[in-house]
Amino acid sequence: MLSLLPPARLRAAVSPDVTASAPRRPAVILPGLGNNTADYARLAAALRDDHGVPAVAVARVSRPDWLRNAAGLVDPSYWRCTLRPRPVLDWYLKRVDEAVSEARELSPNEGISLIGHSAGGWLARVYMEEFDASDISLLLTLGTPHLPPPKGAPGVIDQTRGLLTYVEKNCAPAVYTPELRYVCIAGRYIQGAPLTGNTIATTDEILAVDTPSDVAEAVMVSTKDKPTQSGPTLRARFIGQGYKQVCGRADVWGDGVVPEVSAHLEGALNISFDGVYHSPVGSDDEQRPWYGSPAILKQWVHHLS
């Protein structure tokens, strides 16, 4: 069923290829927390070989690199939940800058698209604030936890120790203009559930998100019948506890790691895909597609034009 949703409530499901024919811009992929460069090799190759992106660079990150973040433990602000991205994450921002320089060399005099997966999305915002971002024309985020968890929510601990609060207060707000576009993509892979209780919502909730009023997009909404559940599964309860640490609620939809509501930003073009899993690690293109799986990539690659 083809439905046209108002921009303020934009939600999408897997649909036929909507790839535009306009020329692509060079792209830089920013890995998520715990991921490495190799996790994005298939996505980078698909962007180049199948979708005409002239140059694709992936920030060079290894899994052991993330242990560098432990340096924040000696910073008193870590324990006060007022941690700042710098200098703790300078190593990551430097790798991003190297990848951006590589993309500029491979495809000079063109605007650059940043594709941030998971934490790579909000780290891209820090990069754009702290480094030369004059030629960056698009920030596209995939399953990024943009919003800090609500303060004072029972049972919720800020796992970023204040980093997302800093980003929210100090980085430029999202925009959707001809010069710079923010596109925030969320996945609806599984609905979480509280630890206790035997009921679970069976209706899809379309979250109201602020989106530029001059943006309109045709959206194909899935009408697949979903099996009725008598109660939440153990997996849903487990996933729900992860969602709760991010957004303060367990009974929300998300990609298995990041809640849908946390992956959208006011001022951006906000899109949600049904059935999309968070990470390339553990994904399956047929049964558990992630944001970079071929069928899903076709749904958002036109934004790189």
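Predicted model: local features only at pLDDT ≥ 70, side-chain atom pairs only at ≥ 80, totals over all residues.
Visitor: Let's start with helices. What describes two packed helices?

Guide: Two packed helices are described by the angle between their axes together with the distance between those axes. Here, take helix α4 (residues 119–130) and helix α5 (residues 163–170): they pack at an angle of about 45°, and their axes are 10 Å apart.

Visitor: Are α4 and α5 parallel, perpendicular or oblique to each other?

Guide: Angles under 35 degrees count as roughly parallel and those from 65 to 115 as roughly perpendicular. The pair α4 and α5 is therefore oblique.

Visitor: Is the crossing of α4 and α5 left-handed or right-handed?

Guide: The α4 and α5 crossing is left-handed.

Visitor: Which residues in α4 and α5 meet?

Guide: From α4, look for W122, R125, V126, E129 and E130; from α5, they meet L163, L164, Y166, V167 and N170. Sorted by class, this contact has 6 nonpolar, 1 polar and 3 charged residues.

Visitor: Where do R42 and D285 lie?

Guide: R42 lies in helix α1 (residues 41–49), while D285 is in the loop between β10 (269–274) and α7 (294–300), so the pair ties together parts that are 243 residues apart in sequence.

Visitor: Is R42 buried or exposed?

Guide: R42 is exposed, with a relative accessible area of 59%.

Visitor: Which residues are joined with D65 into one network?

Guide: Let's build that network pair by pair. D65 and R68 meet through their side chains in a salt bridge, at 3.3 Å from N to O. The side chains of D65 and R95 also meet in a salt bridge, at 2.9 Å from N to O. Through shared partners, salt bridges join D65, R68 and R95 into one network.

Visitor: And are those three residues buried or exposed?

Guide: D65 is buried, with a relative accessible area of 10%. R95 counts as buried too, at 18% relative accessibility, whereas R68 counts as partly exposed at 41%.

Notes. Residues numbered from 1 in each chain as written. Heavy atoms only, no water. Axes fitted to C-alpha atoms, helices over the stretch in contact; angles between N-to-C directions. Helix = DSSP H or I, 4+ residues; strand = E, 2+ residues; numbered from the N terminus. Parallel < 35°, antiparallel > 145°, perpendicular 65-115°, else oblique. Left-handed = near helix turned anticlockwise from the far one by under 90°. Contact = heavy atoms within 4.5 Å. Nonpolar A, V, L, I, M, F, W, Y, C, P; charged D, E, K, R; others polar. Buried < 20%, exposed > 50% of the residue type's maximum accessible area, 1.4 Å probe, protein only. Salt bridge = Lys/Arg side-chain N within 4 Å of Asp/Glu carboxyl O.
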